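Here is a friendly note to read alongside the model. Please keep the structure open and find each place as you reach it.

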Amino acid sequence: MRIEEVIIENFRSHKLTNVKFTRGINLIVGQNGSGKSSLLDAILVGFYWDKPRAILKKDDFQRVGGSSTKITVFFEKDGLKYQVYRDITNGLAFVKCYENGEWKRLESGQRAVKDWMERLISYDVFVNAVYVRQGEIEAILESDESRDKLVRQVLGLEKFENAYKNLQEVKKRIRDRIDSIRDYLKETSNIDRLISDMEDELSKTSREIENLEKEIPKIEKDLEEVSKCLEFYDDLEKRINKTLIAVKDKESDLKELNTQLKNVRDQMEESKKMIEELEVLVRELDSIEDDAKLYEKLESLRRLFVDEKAKIERQIDACKQKIENVERRIEEVEKKAEKVKEFEKIKKDCIERIEELRTCVEDYEKIKNLKSRLFELRKELKFDEEGIRKLEEEIESAKVRRDEIIERLKEIRERVGGLDNRAKELKKAILELKKAKGKCPVCGAELTDEHRIRLIENYKREFGKIKKDKNDLENEERKLRYELTDVERILKKEKEFFRQKDIFEQIERIEEELGNYDFEGLEKAYAEFENLRNKVQKLEGQISTLRSEIEMLGELKSEREGFLKRLKFLETKLTEIEKNLKDAGFSNLEELDKTISNLKPKYERYIELKRVRDDLAREREKIERLRKDEMEMVEKLTTLKDEVNLLKDKLLKMKSSYSEEKHERLKDEEKSLRDALVEKVTKLKVLKKKRVEVENGLERLRGERNRRKAKEDELKSLERAEKKIQELREKVKRFKAMLRERALAEVGEIASKIFEELTEEKYSGVVVKAEENKVRLGVVYNGREFGLGFLSGGERIALGLAFRLALSLYLAGEMSLLMLDEPTPFLDEERRRKLVEIMNRYLRKIPQVIVVSHDEELRESADRVVRVSLENGVSRVETCIG
């Protein structure tokens, strides 16, 4: 695999970054925090998301303020070009292959793309062998156990360990199956005896069924003959009982009909007597009917006269009262008209005075507004005149000092830039002197070791002075920036100064203007103005009310005329009512009352007898209805007696053909035969069911016997498989140990060479020893082995780096890509220089290497250099040839 190009968007500090890689060694260099390692993490996420969740969380790499995180990786594998694209935020992904001049889509979707990459190169191989992350060097030095874990991951030994454990699990399952089969065979050892017993039981049951099938038809035939005889006697008994019930019912109906006939005849006698009494009362009613009708007519006349007269008299009194009220209101309204004229004159005088006071009121309102504004301004004023003056002086002084500081900072940055350039020139000159042979690159003279050392020492002294001067300048710059912060804080008060100055000037202007007015005189004028205005408003209300009442004068006069006409009409109607009484023949009401009193007894008797005509008619209808009922009952009585006699004759004939003793005997015989039949049929059903169950059980046992034979064969196969699995486990264990031992031996040899160069052959080798779950690491010094505690801090880091590079180089034959993230932490300058030589010698065996580092020295070994910097929180990338 070879990475060709990576495009990332909104990934950590990268807003939009495009990086191209070449064959050989690619160096990504920049300051800490600039976003170098993010390029390697983006490749990992682009290939395998969401597999790396354990080491990379989505929230950790999504750029703050960015939209969606997108990663595109172009790479080459086995002569084919591929493109992997992921939109992490929106869950989109695809992989394409470049064939025949166009890109063809192979897979789509986050999971599908991850699975495709796993098939191309597994995630475990990528993170353990291809991608050496920050911190793995420290893990090598941490403990023998952590070192062993790293070795197992990189060499893929965990696959063999998993295979060993899986084979143990398979063996356990086979053993469990063997034990299960043996238990089954033990439980079914008596299967043949059970089959023989069940065959005997089946033969016995079949014979019993055959005997019952012969007995049941004979019992059914006898039962049929007895049932026929019993059916005849049952039917005859039912008919006799039914006829007896019918005779009793008819005799009961006969008795009830005689009782009803007697009741009808008694009612007819009572009705005849009632008719005679009602005829006498009807004759009395006819004699008093005319007097009763005259009473009703006179009573109506009296009621009409009394009620109408009282009603009209009440209306006349009410009408006179209304006329009196209207006349009184007319008089009041005429007086209010005079009062309106008086109010109009007072209102006019008030308005004239209000107009005279209006100028004073306007001045008073203006003074009130000025005083209110003065109060608000005094609340906002924070300084007196002296305080404002001092604040102005402080701000002007701060402006001058700010300009001085900015000018000095500019001078410092220019001076520091010059020192940095000179320091780079000195570093370059020192490197050229160290490499130079023959002539001196400085003066052109013959270059001797003494001359080389003297020049290097001069350069180093100058370099030390530059470092000191730069440090002094940086300290001065830091102090000036602190001071600049304080100055800026003072300058922020300038806005408040102008505001306070403006407030102070406004207060002075308002106080001067207020001194030109007589406030007390204006206040009195304003009070008089308000009183007059309120008085005018009150007068206007009173005048409006009086005018609305005056407008009602015409309506009141019209209303009085109406009431007078109504009074005349009522008096005429009262005269007509008294005339009607005289026309009826009565001179006064007392005479009418006397006549009514004489007729009242006859009217009351008339009321009592008023319903007797209807009662008489009802009684005559009733007696006719009773006569018809009597005739119908006599006819029914004759018919019912004839029916009873016929039923009694029929009953005598049926009783002569029936024997109760024979009937009971047939019942007993039928019951005995039916019980016997039920018993035999039930037994037959039970036996047939039993035969089916025995046949099924026998079939199951025969099937179980066949399965038992199959289990015996399976047991033999499993016992052979168990033995083979154990043999395979031993082979896996031996192969893993052999592979680990051989690999660690080769890794030790490679690490020895790298470590010797890093330490300038101070140590003659690296010792790698494999133990159970441990990998011990040591060095050879003066022919003796020493542990890690013998090494200095820098030597320990160098050993860890050598060991990790050796692990990757061991796999170089199988690897076409290696990614190293910060492989030089804590290395001193000399060892970093050695690392450049090691990269040129060893890492070039791998077709493509991508190294992330903050050390500029590694540029010498790089084929391509990618420089990453951070500007305003966003990573910027610049590519150049190494």
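1. Let's begin with a pair of helices. Helix 9 (residues 385–435) and helix 10 (residues 449–491) pack at an angle of about 160°, and their axes are 8 Å apart. The axes are lines fitted to C-alpha atoms, for helices over the stretch in contact, and angles run from 0 to 180 degrees between N-to-C directions. The crossing of helix 9 and helix 10 is left-handed, meaning that the near helix is turned anticlockwise from the far one by less than a right angle.

2. A word on the ground rules. This is a predicted model, where local features need pLDDT of at least 70 and side-chain atom pairs count only at pLDDT 80 or more, while totals for chains, interfaces and linings use all residues. Residues are numbered from 1 along each chain as its sequence is written, and side-chain values use heavy atoms, with hydrogens and water left out. Helices (H or I, at least four residues) and strands (E, at least two) are DSSP runs, numbered from the N terminus.

3. Next, look at helix 6 (residues 144–155). Among the buried ones are Asp144, Arg147 and Leu150. Glycine 156 follows helix 6, with a positive phi near 75°.

4. Helix 13 (residues 553–583) has 31 residues and should span 45 Å; its end C-alpha atoms are 47 Å apart, which agrees. Its buried residues include Leu553, Phe563 and Ile577. What covers the buried residues of helix 13? The cover includes helix 8 (191–380), helix 12 (519–550) and helix 14 (589–609), with contact meaning heavy atoms within 4.5 Å. Just after helix 13, glycine 585 takes a positive phi of about 100°.

5. Now for serine 752, which lies in helix 16 (residues 660–758). Is serine 752 buried or exposed? With a relative accessible area of 11%, serine 752 is buried. A polar atom of its side chain lies 2.7 Å from the backbone oxygen of glycine 748. Leaving aside residues up to four places away in sequence, serine 752 touches Gly765 and Val766.

6. Glutamate 760 sits in the loop between helix 16 and strand 9 (765–771). Glutamate 760 is partly exposed, with a relative accessible area of 48%. Glutamate 760 and arginine 707 are 53 residues apart in sequence and 77 Å apart in space, C-alpha to C-alpha.

7. Finally, two backbone angles to check. Most residues other than glycine have a negative phi. Arginine 12, however, has a positive phi near 50°; arginine 12 lies in the loop between strand 1 (2–11) and strand 2 (14–20), and is partly exposed at 25% relative accessible area. Asparagine 872 has a positive phi near 55°, and its place is in the loop between strand 14 (864–871) and strand 15 (874–881). Asparagine 872 is exposed, with a relative accessible area of 83%.

Notes
Buried means under 20% relative accessible area, exposed over 50%, partly exposed in between (1.4 Å probe, protein chains only). A polar contact is a pair of N or O atoms within 3.5 Å; within protein, one must be able to donate a hydrogen and the other to accept it, and residues adjacent in sequence count only if both atoms are side-chain atoms. The expected span of a helix is 1.5 Å times one less than its number of residues.
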